[in-house]
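Work through the exercises below with the sequence and the 3D structure in view. Each task is followed by a solution in steps.

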Amino acid sequence: MRIRIVDAFTDRPFAGNPAGVLLLDAFPDDGRMQNIALEVNHAETAFAHRLPEGGEADWALRWFTPKAEVNMCGHATLATAHVLHTTGAHEGPVRFATRSGVLIATPGEDGSITLDFPTAPLTPVELPDGVEAALGTEPLAAFDTGPNVGDLLVELADEKTVHSLTPDHKALGAYSERGVIATARAENPDLGYDFVSRCFFPNVGIDEDPVTGSAHTALAPFWSERLGSTDLTGLQASPRSGRVRTRLAGDRTLLTGRAVTTVEGDLLV
């Protein structure tokens, strides 16, 4: 098996969110894919194989964290599309058959890739007891993000508070299926982004995800309503950092970013 490590939602190596990518003839058994994801030990490893022509999708795609398979992953989808296009395995828009339906990745003339994902439904919820203590700050509001994303989204007072979070990761796992998205309005939009976020996913073995495409399918409608624009840019303020351009299109959210391949080799076992 040929395996690649791709940094997604960045235009430079050693930034953004790294993902393993394997292009296969068919999926191996689930246990083998889980073991490979554990060995890669990045937030996600993507496994893809070509589908017969004439169907609704071109490639089948699955995503595994070191701990579990997930329903949706933006950065590993971007990474997979990047590998397909840079290796010549696929030209033009690529349709992926996934647990979250058919997802489309379209290359841009500037080298970026735009993902077409379902918009997450946001439902206001009462702030669960204990979230304030687990985060180390009091959220302004809380929202359920639906089954595909599976997170609790919390709005914080300001950008500085998001940057300074030092949460109790284990405790955060009690409040949603995957984890918690913390977000706030950008203090200075002239810096090129409209909102900031950080994502903590202890339930799938990721204390903090560097850049999370799927979370932006919830962040896009959240901030589009508050900022009065369907076109925004989010900064995910993790130590590696990365930016995601979002466009809200009703029940679909378009996520645009770049990717860089940093490692390529063979799996020997």
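**Exercise 1.** State how many nonpolar, polar and charged residues make up the lining of the largest pocket.

Solution. Step 1: sort by class, where Ala, Val, Leu, Ile, Met, Phe, Trp, Tyr, Cys and Pro count as nonpolar, Asp, Glu, Lys and Arg as charged, and the others, Gly among them, as polar. Step 2: the lining has four nonpolar, eight polar and six charged residues. The model is predicted: local features need pLDDT of at least 70 and side-chain atom pairs pLDDT 80 or more, while totals for chains, interfaces and linings use all residues. Residues are numbered from 1 along each chain as its sequence is written, and side-chain values use heavy atoms, with hydrogens and water left out.

**Exercise 2.** Give the volume of the largest pocket and find the residues closest to its centre.

Solution. Step 1: on a 1 Å grid over the protein atoms alone, a pocket is an open set of points where a 1.4 Å probe fits, with protein on both sides within 12 Å along at least five of seven lines; lining residues have an atom within 4 Å of a point. Grid points are joined across faces, edges and corners, and the volume is the space filled by probe spheres set on them. Step 2: the largest pocket holds about 260 Å³. Step 3: it is lined by 18 residues, of which Phe9, Thr10, Asp11, Gly242 and Arg243 are closest to the centre. Step 4: among the strands (DSSP runs of E, at least two residues, numbered from the N terminus), β16 (242–249) gives the largest share of the lining, four residues.

**Exercise 3.** Is Thr10 buried or exposed?

Solution. Step 1: locate Thr10 in the loop between β1 (2–8) and β2 (17–24). Step 2: buried means under 20% relative accessible area and exposed over 50%, with a 1.4 Å probe and protein chains only. Step 3: Thr10 has 9% relative accessibility, so Thr10 counts as buried. Step 4: its contacts (heavy atoms within 4.5 Å), leaving aside residues up to four places away in sequence, are Ala15, Gly16, Arg258, Ala259 and Val260.

**Exercise 4.** Which kind of aromatic pair do Phe143 and Phe222 form?

Solution. Step 1: rings of Phe, Tyr and Trp (its six-membered ring) pair if their centres lie within 6.5 Å; planes under 30 degrees apart count as stacked, over 60 as edge-to-face and the rest as tilted. Step 2: the whole structure has four such pairs. Step 3: Phe143 and Phe222 lie 5.3 Å apart centre to centre with 75° between the planes, an edge-to-face pair. Step 4: Phe143 is in strand β10 and Phe222 in helix α7, so the pair ties together parts 79 residues apart in sequence.
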